Amino acid sequence: MPKLDLLQGTLDMMVMRTLKAGPANGYEIAKAIERTSDDVLQVDHGSLYPALHRLEKSGMLAAKWEISATNRRARFYRLTPAGRKRLALEHSNWEQMAAAI
């Protein structure tokens, strides 16, 4: 099966859905998206980090520096209450779109 690129809005939703489970760094987010899509969706780091920064700037995510499992400094992102609300709305819209298709 061919690998698919993610559209910006879809990437934002996938990032927020991943962070619903708890804080994670960029590498962990990318791997989680790939894993949950059975490796169909590939996350390009050139798209992921701008999306993380965009979501943080818009108040959907909060971030802070922490030490990763590999003992390196990494920026960990978490979903904010506003991000949880937006994720619920986007999920509802997504289900309506999928049902219509």
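Asn71 lies in the loop between β2 and β3, where helices (H or I, at least four residues) and strands (E, at least two) are DSSP runs numbered from the N terminus. The phi angle of Asn71 is near 65°, a positive value in a residue other than glycine. Most residues other than glycine have a negative phi. At 65% relative accessibility, Asn71 counts as exposed, the terms being set so that buried means under 20% relative accessible area, exposed over 50%, and partly exposed in between (1.4 Å probe, protein chains only). The model is predicted, so that local features need pLDDT of at least 70 and side-chain atom pairs count only at pLDDT 80 or more, while totals for chains, interfaces and linings use all residues. Residues are numbered from 1 along each chain as its sequence is written, and side-chain values use heavy atoms, with hydrogens and water left out.

The protein has four helices and three strands, and from the N terminus on its elements run α-β-α-α-β-β-α. Along its principal axes the C-alpha trace spans about 45 × 35 × 20 Å. The radius of gyration, taken over C-alpha atoms, is 14 Å, which agrees with the value near 13 Å that a compact globule of 101 residues would have; the globule rule is 2.2 Å times the number of residues to the power 0.38. Of the 101 residues, 35% count as buried. Among contacts between residues at least 6 apart in sequence, 52% join residues at least 24 apart, contact meaning heavy atoms within 4.5 Å.

The largest nonpolar core holds 21 residues, of which Val15, Leu19, Ile29, Ile33 and Leu61 touch the most other members; such a core is a set of buried Ala, Val, Leu, Ile, Met, Phe, Trp, Tyr and Cys residues joined through side-chain atoms within 4.5 Å. Helices α1 (8-19), α2 (26-36) and α3 (45-57), together with strand β3 (73-79), each supply at least two residues of this core, and α1 gives the most, with six. When neighbours within four places in sequence are left aside, Ile29 is in contact with Val15, Thr18, Leu19, Ala24, Leu48, Leu52 and Tyr77. In soluble globular proteins, nonpolar side chains tend to be buried together.

Two further positions were examined individually. Glu34, placed in helix α2, is buried, with a relative accessible area of 8%, and apart from its neighbours within four places in sequence it is in contact with Asp39, Leu41, Gln42 and Val43. Ala63, in strand β2 (residues 61-67), counts as partly exposed at 23% relative accessibility. With the neighbours within four places in sequence again excluded, Ala63 is in contact with Glu56, Arg75, Phe76 and Tyr77, whereas Ala63 and Arg35, 28 residues apart in sequence, are 23 Å apart in space, C-alpha to C-alpha.

The lining of the largest pocket consists of Thr10, Met13, Met14, Arg17, Lys20, Arg84, Leu87, Ala88, His91 and Trp94. Both α1 and α4 (81-100) supply at least two residues of this lining, and the largest share, five residues, comes from α4. A pocket is here an open set of points on a 1 Å grid over the protein atoms alone, where a 1.4 Å probe fits, with protein on both sides within 12 Å along at least five of seven lines, and lining residues have an atom within 4 Å of a point. The lining divides into five nonpolar, two polar and three charged residues, with Ala, Val, Leu, Ile, Met, Phe, Trp, Tyr, Cys and Pro counted as nonpolar, Asp, Glu, Lys and Arg as charged, and the others, Gly among them, as polar.
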